[in-house]
Amino acid sequence: MYPVIDYNKCTGALACYEVCPAEVFDIEVLDEVKKAVVASKEDCIECEQCVEACPEEAIELVEG
Ligand code: SF4
């Protein structure tokens, strides 16, 4: 499984980037706001810390 970010909800808190123990996320500027992007989904260890940390509930883990 790997995380998918709903950018309709993401406000750029970067909580997922900070909490992820596997460095799955990177940071890019999207619509002039620094936001996390899923950069190496194959490294995800499915710990769900990003899902729990996101203040906007913008992340879910999907099969794959
Ligand atoms: S589930 Fe864990 S390892 Fe996977 S992206 Fe989220 S914080 Fe990182």
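The questions and answers below concern a predicted model of a protein chain with a ligand.

Q: Which pattern does the protein chain follow along the sequence?
A: The protein chain contains two helices and four strands. Read along the sequence, these elements follow the pattern β-α-β-β-α-β.

Q: Why does the protein chain count as compact as a globular protein of its length?
A: The elements of the protein chain follow the pattern β-α-β-β-α-β. For 64 residues the globule rule gives 11 Å, and the chain comes close to that value, so it is as compact as a globular protein of that length. Its C-alpha trace spans about 30 × 20 × 20 Å along the principal axes. The radius of gyration of the protein chain is 10 Å.

Q: What percentage of contacts between residues at least 6 apart in sequence join residues at least 24 apart?
A: The protein chain has 64 residues, of which 20% count as buried. Among its contacts between residues at least 6 apart in sequence, the share that joins residues at least 24 apart is 53%.

Q: How many residues form the largest nonpolar core?
A: In soluble globular proteins, nonpolar side chains tend to be buried together. Here the largest nonpolar core includes Ile 5, Tyr 17, Phe 25 and Ala 58. Cys 20, Val 24 and Cys 50 belong to this core and are also among the residues closest to the ligand. The number of residues in the core is eleven.

Q: How many charged residues does the shell around the ligand have?
A: The ligand is surrounded by 14 residues, and the closest are Cys 20, Val 24, Cys 44, Cys 47 and Cys 50. By class, the shell has eleven nonpolar residues and one polar residue. The charged residues in the shell number two.

Q: Which residue in β4 stands opposite Pro 3?
A: Pro 3 lies with Ile 5 on the covered face of strand β1 (residues 2-5), whereas Tyr 2 and Val 4 form the uncovered face. Strand β1 pairs with β4 (residues 59-62) in the antiparallel sense over four bridges. The residue opposite Pro 3 is Leu 61.

Q: In the hairpin of β2 and β3, which residue takes a positive phi near 55°?
A: Strand β2 (residues 25-30) and β3 run antiparallel and are joined by six bridges, and Asp 26 in this pairing stands opposite Val 37 in β3. The hairpin has two residues between the strands. The residue with the positive phi is Asp 31.

Q: Is Glu 42 buried or exposed?
A: Glu 42 lies in the loop between β3 (33-38) and α2 (49-53). Between Glu 42 and Val 24 there are 7.9 Å from C-alpha to C-alpha, and the two are 18 residues apart in sequence. Because Glu 42 has 8 C-beta neighbours inside 10 Å, where 12 or fewer is the criterion, Glu 42 counts as exposed.

Q: What value is phi of Glu 48 near?
A: Most residues other than glycine have a negative phi. Glu 48 is found in the loop between β3 and α2, and it counts as partly exposed because it has 14 C-beta neighbours inside 10 Å. Its phi is positive, near 70°.

Q: What is the positive phi of Glu 57?
A: Glu 57 sits in the loop between α2 and β4. With 10 other C-beta atoms within 10 Å, Glu 57 is exposed. Although Glu 57 is not a glycine, its phi is positive, at about 50°.

Note on methods: Residues are numbered from 1 along each chain as its sequence is written. This is a predicted model: local features need pLDDT of at least 70, side-chain atom pairs count only at pLDDT 80 or more; totals for chains, interfaces and linings use all residues. A residue is near a molecule or strand if its C-beta atom, placed from the backbone, lies within 6 Å of it. Ala, Val, Leu, Ile, Met, Phe, Trp, Tyr, Cys and Pro count as nonpolar, Asp, Glu, Lys and Arg as charged, and the others, Gly among them, as polar. A nonpolar core is a set of buried Ala, Val, Leu, Ile, Met, Phe, Trp, Tyr and Cys residues joined through C-beta atoms within 7 Å. Two strands pair if DSSP finds at least two bridges between them. The radius of gyration is taken over C-alpha atoms; the globule rule is 2.2 Å times the number of residues to the power 0.38. Two residues are in contact if their C-beta atoms, placed from the backbone, lie within 7 Å.
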